[in-house]
Amino acid sequence: MRLRLGVFALVSFVAVLAAIGISSFVVDPENIGVRLALYGLALVAAIGAILFAIFAIVSPMFGRTGVKPVQVAEAVAAGRQAYARVTAAVPTGAQLNGSYAYDARLVVAATDVPAYEVADRVRVHRSDGKVPGRGELVTVVRLAADSPQVVVTAGPASTPQDAAVPQEAPAWPGR
């Protein structure tokens, strides 16, 4: 997403340069209507370039973006869905597409690897509420088999006593 926004900003900037260049060097100076139209196009493209550049710079502050539902479904089908205990959660105040960003520390009790602790910026959809306080359980899925990063897929577990998630765990194996 960040790369795409950067490319859009670059294309918009090239459109600004092209419109100004054509208006200044190609169009007859007495043809004021065409010149004004080209300057208007340049203004709109300049605003677009600025906005795209700002969003390309700011987008990493909102956590991992672009997690497709297909990726989550594939990870669930591969058996990487698990419960995680929240050991700390601090809201960042950022919201992206209805998801709230939190800097969270989680103890993940996965079935395919030993329990591990991970610190990550997670996004929780507004329909799932917010990341609960210390000790609460959430449902997560690990997108890659060889990576500790998780995506929260459901809010607090309705029956936390049904899931055996330790209070503490070591960091991801291999780190």
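What span should the 24 residues of helix α1 have at 1.5 Å a residue, and how far apart are its end C-alpha atoms? The points below take this up and then move along the chain of this predicted model.

1. Helix α1 covers residues 2-25. At 1.5 Å a residue it should span 34 Å, and its end C-alpha atoms are 34 Å apart, so the two values agree.

2. One set of residues in α1 is buried: L5, A9, S12, V16, A19 and S23. Helix α2, residues 32-58, is included in what covers the buried residues of α1.

3. A nonpolar patch lies on the surface, formed by L3, V7, F8 and V11. Together these residues have about 400 Å² of accessible area. F8 belongs to helix α1. With a relative accessible area of 39%, F8 falls between the 20% and 50% limits and is therefore partly exposed.

4. V58 is in helix α2. Its relative accessible area is 25%, so V58 counts as partly exposed. V58 and R2 are separated by 56 residues in sequence, yet their C-alpha atoms are 9.0 Å apart in space.

5. In soluble globular proteins, nonpolar side chains tend to be buried together. Here the largest nonpolar core has 16 residues, and L106, V108 and V140 are those with the most contacts inside it. Strand β2 provides the largest share, four residues.

6. V140 can be followed through its contacts. Leaving aside residues up to four places away in sequence, V140 touches R80, Q81, A82, A84, L106, V108, V150, V151, V152 and T153.

7. How many salt bridges does a search of the whole structure find? The search finds one. The pair is R105 and E117, with the closest N and O atoms 3.6 Å apart. It links distant parts of the chain, since R105 is in strand β2 and E117 in strand β3, twelve residues apart.

Conventions:
Residues are numbered from 1 along each chain as its sequence is written. This is a predicted model: local features need pLDDT of at least 70, side-chain atom pairs count only at pLDDT 80 or more; totals for chains, interfaces and linings use all residues. Side-chain values use heavy atoms; hydrogens and water are left out. Helices (H or I, at least four residues) and strands (E, at least two) are DSSP runs, numbered from the N terminus. The expected span of a helix is 1.5 Å times one less than its number of residues. Buried means under 20% relative accessible area, exposed over 50%, partly exposed in between (1.4 Å probe, protein chains only). Contact means heavy atoms within 4.5 Å. Patches are made of residues with over 30% relative accessible area and no salt bridge: like charges are joined within 9 Å, nonpolar side chains (Val, Leu, Ile, Met, Phe, Trp, Tyr) within 5 Å. Accessible areas come from the Shrake-Rupley method with a 1.4 Å probe; for residues, only the protein chains shown count as cover. A salt bridge is a side-chain nitrogen of Lys or Arg within 4 Å of a carboxyl oxygen of Asp or Glu. A nonpolar core is a set of buried Ala, Val, Leu, Ile, Met, Phe, Trp, Tyr and Cys residues joined through side-chain atoms within 4.5 Å.
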